[in-house]
Amino acid sequence: MHRWSELFIPTLREAPADAEVASHKFLVRAGYIRQLAAGIYSYLFLGTRSFNKIMAIVREEMNRIGQEFYLPLLHPREIWEASGRWALMGDNLFKLKDRKGADLALGFTAEEVMTSIAMKELRSYKQLPQIWYQVAPKFRDEPRPKSGLLRVRQFMMKDAYSFDIDAAGLDVSYKKHYDTYCRIFDRCGLKYMVVEADSGAMGGKESHEFMVRTPAGEDQIVSCDGCNYAANMEKATSKQEAVEDLKREGDGSPLEVHTPGQKTIEDVARYLGVSPKNKIKTLAFMAEEKDAKTGKPRLRAIVVLMRGDHQLNEAKLNAAIAVATRPMDEAEIKALFKSPAGYLGPVGVEWAKDLKKDTGLPVLLVDKALEGRVNLIAGANKENYHLKNLTPGKDFHPTAYADLRAVTAGEGCPSCGNSLRIDTAVEIGHIFKLGYRYSESMGARVLDKNGKEVTPIMGSYGIGIERILTAAVEQSNDENGFWLPPSIAPFQIVVTPVNVKDESLLTAAVDIATRLEAAGFDVILDDRNERPGVKFKDADLVGIPFRITVGNKVTEGTVEVVLRSTREVRDVTITAIVEYFQGVLPAKA
RNA sequence: CGGGGAGUGGCUCAGCCUGGUAGAGCACCUGGUUCGGGACCAGGGGGUCGGAGGUUCAAAUCCUCUCUCCCCGACCA
C-alpha cells in the first residue's frame with residue numbers, strides 16, 4: 001500500500017516564478033516534475049507514475065497493430081548523411097563526438113535507424129507490411145524551449161514506422177494508426193480533434209495532427225462546428241464568395257494610371273474607386289537556398305501576389321517553396337523592381353517559369369484566389385503609378401499558383417459553408433505518409449511478386465508522451481490544482497483520514513484502502529499527521545480524480561467520496577465502497 | 001540568433017535608486033497546545049546576494065565582462 005507519509009511528494013504552496021502556463025505551474029507545484037535546465041526536466045514519483053500509465057496505454061494499443069523495438073539513442077553521422085538530414089536539421093540536431101573524433105547525433109527521430117534496418121533485412125514483398133515502433137526519448141536542441149513540458153529539449157515519444165509494398169498498403173497502415181491514435185487518446189481521456197495538416201516540405205501526400213484545444217498551445221487550428229471539417233492554419237482553406245471583376249478599359253492592354261502618393265492597398269482602391277478585392281497585393285521575400293550545381297548558398301527572390309484584402313500565411317508560403325524566407329530589404333526591392341515599395345507589381349520582371357527548375361530567376365507565386373481573375377490592378381513598378389487591366393497568364397506569367405491565403409475566423413467552411421472558428425491548440429500526435437523519401441535515399445529495396453526490385457513506401461507516426469499529460473492538465477484545472485482522467489492519474493483514489501491520531505479513523509481508512517487496492521484500484525493513503533486542511537489542499541492539487549474523506553461519519557459506517565472535477569460529495573457506506581468504485585471506475589486490467 | 005525581463009536561505013519576494021557588511025512570509029528542525037479546507041506559541045538551523053574583474057576605507061547596492069533562466073518572433077511531439 002502506498003502511504004503518503006513515506007513517499008516523496010514535494011508539493012509547493014506557490015508556483016515557481018518562471019512558470020507561465022497552467023500545466024507548468026501545477027505539475028511543479030504538485031511535485032510531478034522539477035526543472036534541471038532549459039527544456040530539461042526530471043520526473044519525480046507522481047510524474048513518473050502518470051507517465052508510465054500513459055506509456056502503458058500507448059503500448060497496449062500499438063501492440064495491436066505493430067511490434068515494439070528498442071533502438072539506440074546514439075546515431076552515427078553516416079545514417080543522417082545518408083538521408084540528407086545531417087545538414088538539413090542544422091542546430092536542431094544534438095551532435096557530439098566520440099573519443100576517436102567520429103560524429104554522433106542524439107536520436108531526433110528514428111526514420112534513419114528504422115530504414116537502415118529495413119534496408120538490411122527486408123528482401124521480399126512477402127515480409128510486408130511491417131509496423132515497427134518504439135517509445136523512447138528524443139533529443140532536439142530547440143531554439144526556444146518553453147511552457148514547462150510543452151516544448152522541451154528531451155522528451156519521450158512513441159514513434160512508429162510503416163513499410164508497405166505500395167501506396168494502397170500505406171493507406172491501410174495509415175488508417176490503422178489513425179484508428180489506434182483515436183483509441184489511445186480516448187483512453188487517456190482527452191478531448192481532442194483530428195486536423196488535416198501540412199505534409200511539409202518533404203513531399204508527403206497526407207498528414208493528420210491530433211490536437212487538444214488550449215490557450216497554452218502553439219498551433220492555430222481552423223474548425224467548423226457545423227460539420228467535422230478541421231485543419232491546421234497551414235493547410236486550412238475557406239469558401240470564397242464570388243468576386244465581380246472590373247470591366248476592361250480601352251483595348252484591354254495594361255493601362256498606366258497616375259496614383260500620386262497612394263501606397264497602401266486601401267489608399268489606391270479608394271483613390272481609383274474600386275474594391276481591394278480587385279487589387280493585387282505584391283509581397284517580396286528573399287529565400288536562402290543552395291545552388292543546385294555548386295552547392296553554395298545564394299539568395300533567390302520570391303514574390304507573392306495576393307488578393308488585396310487577403311493575408312499571406314507564411315507557413316503556406318514556406319511549404320510551397322520548401323525553404324525559409326525573409327522580407328526583402330529596401331535595396332533588394334529596388335534592385336528587382338526598379339521601383340520603391342508601394343508601387344510594386346508583377347509586370348516587367350522576368351520570372352522563373354518552373355518552380356522545380358533551378359534557373360536562379362526570381363519566383364512569382366500567385367495565390368489561388370487570383371487564378372482566373374481578370375482586369376486586376378497592381379503597382380506599375382514606377383513611383384506614383386499603378387497598372388489596370390492586368391490578367392494573370394496574359395499580362396504576366398506566374399511561376400506557380402499556390403494556396404497561400406490565411407483563413408480568418410468567421411469565413412465559410414469549405415465543406416459545409418458554416419462559419420469557421422480558429423483556436424489555439426497543442427499537438428499531441430502526428431501521422432504522416434512519408435512516401436519514398438527515406439527508403440529511396442537510404443536504398444531500401446524488396447522484390448515484388450514478379451521478382452522486380454521495388455522501393456517500399458513508408459509512413460511515420462508520432463505521439464508526444466509529455467504532451468498527453470500536459471494537455472490533460474491544461475484541459476482540467478482550477479485555482480486549486482488539476483484532476484487527471486483516472487486512466488492516467490498517478491493514483492485513482494486518495495483516502496484521507498481527517499485525523500490519523502484518531503485510531504478508529506485510521507483503522508477505517510487503512511481498511512478501505514486495503515480493500516480497494518485488492519479490488520485492483522490504484523490507491524494512496526494520506527496517513528500524514530497533518531491538519532485536514534493541508535491534506536485536502538494537497539489532494540486537490542495533485543491530479544487524483546477521487547478522494548475518500550474518512551471522518552466523523554465512520555461511527556455511522558459511512559465515508560464521503562469527493563469527485564475532484566465537480567467537487568460533488570456523496571456519502572457511501574464503508575462496506576459498499578468497493579462496489580461503489582466498481583460502478584464508477586473501469587476495472588484495472 | 002534578434003528584442004524584452006529576471007537572478008538575494010528550499011519556495012515567493014523586500015533591500016539596490018541614495019554603498020556602511022542581509023531581511024520578511026512560507027517551508028524545515030525541537031518542545032508544547034491544536035485537528036473537517038494550507039493552525040498557534042516558544043526556541044532553532046540554514047544565504048560565497050549567479051560568476052569573474054574593477055571602483056572604494058567599505059559593494060547585494062556603482063562600473064565592465066560573463067553565465068543561467070523566463071517571455072515575444074523563425075521550428076515541432
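Colleague: What kind of model is it, and how are residues and chains labelled?

Modeller: This is a predicted model, in which local features need pLDDT of at least 70 and side-chain atom pairs count only at pLDDT 80 or more, while totals for chains, interfaces and linings use all residues. Residues are numbered from 1 along each chain as its sequence is written, and chains are lettered from A and ligands numbered from 1 in the order in which they are written.

Colleague: How many residues surround RNA strand B?

Modeller: 54 residues surround RNA strand B, and the closest are Ala-17, Pro-143, Gly-464, Gly-533 and Gly-551. A residue is near a strand if its C-beta atom, placed from the backbone, lies within 6 Å of it.

Colleague: Which element gives the largest share of that surface?

Modeller: H13 does, with 8 residues. Elements that each supply at least two residues include helix H13 (532–541), helix H11 (465–475), strand S25 (457–464) and strand S22 (420–435). Helices (H or I, at least four residues) and strands (E, at least two) are DSSP runs, numbered from the N terminus.

Colleague: Which residues make the contact?

Modeller: Ser-50, Phe-51, Ile-54 and Met-55 of H2 meet Ile-465, Ile-468 and Leu-469 of H11. Residues are in contact if their C-beta atoms, placed from the backbone, lie within 7 Å. By class, the contact of H2 with H11 has 6 nonpolar, 1 polar and no charged residues.

Colleague: What about H2 and H6?

Modeller: H2 and helix H6 (residues 167–187) pack with their axes 9 Å apart, at an angle of about 150 degrees, and are therefore roughly antiparallel to each other. The contact uses Ile-57, Val-58, Glu-61 and Met-62 of H2 and Thr-180, Arg-183, Ile-184 and Arg-187 of H6. That contact has 4 nonpolar, 1 polar and 3 charged residues.

Colleague: And H12 with H14?

Modeller: Helix H12 (residues 503–518) and helix H14 (residues 577–584) have axes 9 Å apart and pack at an angle of about 45 degrees. That makes H12 oblique to H14. Ile-512, Arg-515 and Leu-516 of H12 contact Ile-577, Val-578 and Phe-581 of H14. The residues of this contact divide into 5 nonpolar, no polar and 1 charged.

Colleague: Sheets next. What is the strand order in the antiparallel one?

Modeller: The order is S14-S20-S19, in an open sheet of 3 strands. Strand S14 (255–258) and strand S19 (376–379) are the edge strands, each pairing on one side only. Two strands pair if DSSP finds at least two bridges between them.

Colleague: How many bridges are there between S19 and S20?

Modeller: S19 and strand S20 (residues 385–390) pair over 3 bridges. Gly-379 has His-386 as its bridge partner in S20, and Leu-376 stands opposite Leu-390. The hairpin of S19 and S20 has 5 residues between the strands, and Asn-381 there takes a positive phi near 55 degrees.

Colleague: Which strands form the mixed sheet?

Modeller: The mixed sheet is open and has 3 strands in the order S26-S27-S30. Its edge strands are strand S26 (477–478) and strand S30 (542–543). S26 and strand S27 (residues 481–483) run antiparallel and are joined by 2 bridges.

Colleague: Last topic, the backbone. Is the peptide bond from Leu-128 to Pro-129 cis or trans?

Modeller: The bond is cis, with omega near 0 degrees. Pro-129 lies in the loop between helix H5 (111–121) and strand S8 (130–139). Asn-375 is not a glycine, yet has a positive phi of about 55 degrees. Most residues other than glycine have a negative phi, and most peptide bonds are trans.

Note on methods: Axes are lines fitted to C-alpha atoms, for helices over the stretch in contact, and angles run from 0 to 180 degrees between N-to-C directions. Angles under 35 degrees count as roughly parallel, over 145 as roughly antiparallel, 65 to 115 as roughly perpendicular and the rest as oblique. Two residues are in contact if their C-beta atoms, placed from the backbone, lie within 7 Å. Ala, Val, Leu, Ile, Met, Phe, Trp, Tyr, Cys and Pro count as nonpolar, Asp, Glu, Lys and Arg as charged, and the others, Gly among them, as polar.
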